[in-house]
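Dear colleague,

My notes on it follow directly after.

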Amino acid sequence: MFGLQYIWDSVLQYEAVLRSPYFPVLFSITVYLSFCLPFVVLDALSPRVALIRRYKIQQKTSVSWTMMWSCLALSLYNHAVFIFPLSVLHWYWRPVSYTSMAPGLLRVIWDLAACLLLFDFQYFVWHLLHHKVPWLYRTFHKVHHKYTSTFALATEYSGAWETLSLGFFAAVNPMLLGVHPMTEMLFHMLNMWLSVEDHCGYDLPWATHRLVPFGLYGGAPHHDVHHQKFKSNYAPYFTHWDKLFGTLHSE
C-alpha cells in the first residue's frame, strides 16, 4: 500500500497535465510506440542476426521499413483524426477527478484481472462477428489482415471503426467496474503491452504465454496463427473462449 501510495503521490504532482484534454491521446500514442520500439529494433536486426531470427515465428518473412511506416502513419492518423476529438469531447462531458488515496495492491490486481477478462470477452465477440459476417469483415476488419505475418507496428493497423469500437471497450470497462484512476492507467498500459506482444511476431522465452500456466493464455503464437489462417483464435489474450466455441487452433 505504501509503495503504491508513493507512486500515486508522484503521479498527482502532474495533476494539471492529467486533466488536460491532450493527455489521453498523448498517453496512448506514447505508451504504444514505447512498447513497439523494442520489437522494431528486433525486426531491423533479425535479417542479419541469427540469434534474433531463431525466435521469429515466421522465419522466412521480414519486415520492411515501408511496411512499418505505413502502419505508423495510419496509427498516427487515427489518433489525430478520430481519437483526439473524442477524447476532447469526453474531457468536456466527464471531467476527470482524482482521489488522493491510492488503491490497495490486491484491489489493483483484482480490478486489472476483471478489466482484462471483460475486454477479452468483448473483443472475442466483436472479432468473431467481424469474421463470420462477410460484410463486416469486408467493410471494417479486412484492413487489419493486410499482413499475414505479424509485427509490432501492425497492432494498430486498422480502420476507424475498429480503432474506435475496440478503444471504446477499453475506455468504458474501467468506468463500468468502478476502478481507481491509477488502476485505469495501469489497465490501459497492460492492455496495450499485451496487444503489441500479441502482434510482435516473436516467440520469446519470457513472453506472457510462457509465464501463464496450463495454456490459459495464447500470446503471439496464438494470434499469429489467426493472421495466417483467419478462421481461428479470435480471442486476443486468453484461450478459454476459443476452446468453448471450438475455434482454438495451435501449431
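**Aromatic pairs**

In this predicted model, F84 has a relative accessible area of 25%, which means that F84 counts as partly exposed. The rings of F23 and F27 lie with their centres 5.4 Å apart and their planes at 35°, so this pair is tilted. F23 and F27 are both in helix α3 and stand 4 residues apart, about one turn of the helix. Both of these residues are buried.

In total, the structure holds 19 aromatic pairs. One of them joins F84 to Y22 in a stacked arrangement, with 5.6 Å from centre to centre and 15° between the planes. This pair links distant parts of the chain, 62 residues apart: Y22 belongs to the loop between α2 (15-18) and α3 (23-45), whereas F84 belongs to helix α5 (residues 65-93).

Ring pairs also connect F119, Y123, W126, Y217, Y237 and F238 into a cluster. A charge over a ring is found as well: the charged end of K56 sits over the ring of Y202, at 5.2 Å from its centre.

**The second largest pocket**

The second largest pocket contains about 170 Å³ of space. Its lining consists of 12 residues, and those nearest the centre of the pocket are G218, H222, T239, H249 and S250. Sorted by class, the lining comprises 4 nonpolar, 6 polar and 2 charged residues. Helix α11 (residues 219-229) supplies the largest share of this lining, namely 3 residues.

**Helix α11 and H222**

How many of the residues of α11 are buried? The count is 8 of 11, so the helix is largely enclosed by the rest of the structure. The buried residues are G219, A220, H222, H223, D224, V225, H226 and H227. Among the elements that cover them are α6 (105-132), α7 (134-141), α9 (181-199), α10 (208-211) and α12 (240-245). Just after α11, F230 adopts a positive phi of about 75°.

H222, which is placed in helix α11, is one of the residues nearest the centre of the second largest pocket. Is H222 buried or exposed? Its relative accessible area is 6%, below the 20% limit, so H222 is classed as buried. Leaving aside residues up to four places away in sequence, H222 touches N233, A235, T239, D242 and L248. Of these contacts, T239 is also listed among the residues nearest the pocket centre.

With kind regards

Terms used:
Residues are numbered from 1 along each chain as its sequence is written. This is a predicted model: local features need pLDDT of at least 70, side-chain atom pairs count only at pLDDT 80 or more; totals for chains, interfaces and linings use all residues. Side-chain values use heavy atoms; hydrogens and water are left out. On a 1 Å grid over the protein atoms alone, a cavity is a set of points where a 1.4 Å probe fits but cannot get out, and a pocket is an open set with protein on both sides within 12 Å along at least five of seven lines; lining residues have an atom within 4 Å of a point. Grid points are joined across faces, edges and corners, and a volume is the space filled by probe spheres set on the points. Helices (H or I, at least four residues) and strands (E, at least two) are DSSP runs, numbered from the N terminus. Ala, Val, Leu, Ile, Met, Phe, Trp, Tyr, Cys and Pro count as nonpolar, Asp, Glu, Lys and Arg as charged, and the others, Gly among them, as polar. Buried means under 20% relative accessible area, exposed over 50%, partly exposed in between (1.4 Å probe, protein chains only). Contact means heavy atoms within 4.5 Å. Rings of Phe, Tyr and Trp (its six-membered ring) pair if their centres lie within 6.5 Å; planes under 30 degrees apart count as stacked, over 60 as edge-to-face and the rest as tilted. A charge sits over a ring if NZ of Lys or CZ of Arg is within 6 Å of the ring centre and within 35 degrees of the ring normal.
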